[in-house]
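Student: Please take a close look at one part of the surface of this protein, and then follow the chain from there to the other places that deserve attention. I would like one connected answer, with the cut-offs behind each term.

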Amino acid sequence: MERRFALEGGGSLTVREAGLRAVAAAERPADGRGLYKAYLVGPSGRALLGTLAPEAGRLRVRRTLSLDDLRRQGAWPPVGGAVELAFSFGRDPPPPGWGWREPAELTFGEGLLERMVSEGGQVLCRRSGAGFALAYPFSCARPFPLTGLFCLAALATMEGRRYVVYRFDEGGWPKLPGRGDGAGVC
């Protein structure tokens, strides 16, 4: 008999009894936030299934475990599953319409711009009309991103977080901040 349980974050856990063993498989969407661990939850405890690994655009783990071991841990018979963020990569998922990009993937109109953007590491990027916008998480406790373009920055709030947004034309040249251009600037 196979049982299926919903996991937080849109994932699922399936458990099948196979003789004296249980075959468990957990999966969830890959969100880029970090490393997740999956657990089989029983009436009085839980058993670690392992760390979910990327596979075909999702995070997955499969394990075959002894029923005796699961009973000792209070995890048999199963009543559910759990998944926990075990290690954060230190960045939040991108706001809708934005994605994390490596600076080397972007084209700029001049080498100095390319160097400035490269120094900041991964950046949020959004294509808009004839060009693109870059967004950096904003905090008064950190240096201002792309200080050489300070006067072209716009502050935006997306998904409750503050960002510094810069707009560029299709050739990678900076543009003045503006509204209504689809760049996500508030």
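Tutor: The place to begin is Leu 35, which is found in strand β4 (residues 34-41); helices (H or I, at least four residues) and strands (E, at least two) are DSSP runs, numbered from the N terminus. This is a predicted model, in which local features need pLDDT of at least 70 and side-chain atom pairs count only at pLDDT 80 or more, whereas totals for chains, interfaces and linings use all residues. Residues are numbered from 1 along each chain as its sequence is written, and side-chain values use heavy atoms, with hydrogens and water left out.

Together with Phe 87 and Phe 89, Leu 35 forms a nonpolar patch on the surface, and the accessible area of the three comes to about 300 Å². A patch is made of residues with over 30% relative accessible area and no salt bridge, like charges being joined within 9 Å and nonpolar side chains (Val, Leu, Ile, Met, Phe, Trp, Tyr) within 5 Å. The areas come from the Shrake-Rupley method with a 1.4 Å probe, and for residues only the protein chains shown count as cover. Leu 35 counts as partly exposed because its relative accessibility is 37%; buried means under 20% relative accessible area, exposed over 50%, and partly exposed in between (1.4 Å probe, protein chains only).

From the patch we can turn to charged side chains. With a salt bridge taken as a side-chain nitrogen of Lys or Arg within 4 Å of a carboxyl oxygen of Asp or Glu, the count comes to eight. One of them joins Arg 58 to Glu 27, with the closest N and O atoms 3.7 Å apart. This pair links distant parts of the chain, since Arg 58 lies in strand β7 (residues 58-66) and Glu 27 in strand β3 (residues 21-29), 31 residues apart. Arg 58 is partly exposed, its relative accessibility being 22%. Arg 60 forms a salt bridge with Glu 55, where the closest N and O atoms are 3.8 Å apart, and Glu 55 is partly exposed at a relative accessible area of 33%.

Another salt bridge is found between the side chains of Asp 68 and Arg 71, at 3.5 Å from N to O. Both residues lie in helix α1, three residues apart, which is about one turn of the helix. Asp 68 counts as partly exposed at 46% relative accessibility, and Arg 71 is partly exposed with a relative accessible area of 46%. Elsewhere, salt bridges that share partners join Glu 27, Glu 55, Arg 58, Arg 60 and Arg 62 into one network.

The backbone also has some marked spots. Most residues other than glycine have a negative phi, and most peptide bonds are trans. Ala 56, in the loop between β6 (53-55) and β7, has a positive phi of about 55 degrees although it is not a glycine, and it counts as exposed at 73% relative accessibility. Leu 146 likewise is not a glycine and has a positive phi, of about 50 degrees; its place is in the loop between β11 and β12, and at 9% relative accessibility Leu 146 counts as buried. The peptide bond from Trp 76 to Pro 77 is cis, with omega near 0 degrees, and Pro 77 is found in the loop between α1 and β8 (80-88).

Finally, consider strand β13 (residues 161-169), which runs antiparallel to strand β11 (residues 131-137) and is joined to β11 by seven bridges; two strands pair if DSSP finds at least two bridges between them. In this pairing Ala 133 stands opposite Arg 167. Strand β12 (residues 154-158) also pairs with β13 in the antiparallel sense, over five bridges, with Leu 155 opposite Val 164. β12 and β13 make a hairpin with two residues between the strands, where Glu 159 takes a positive phi near 55 degrees.
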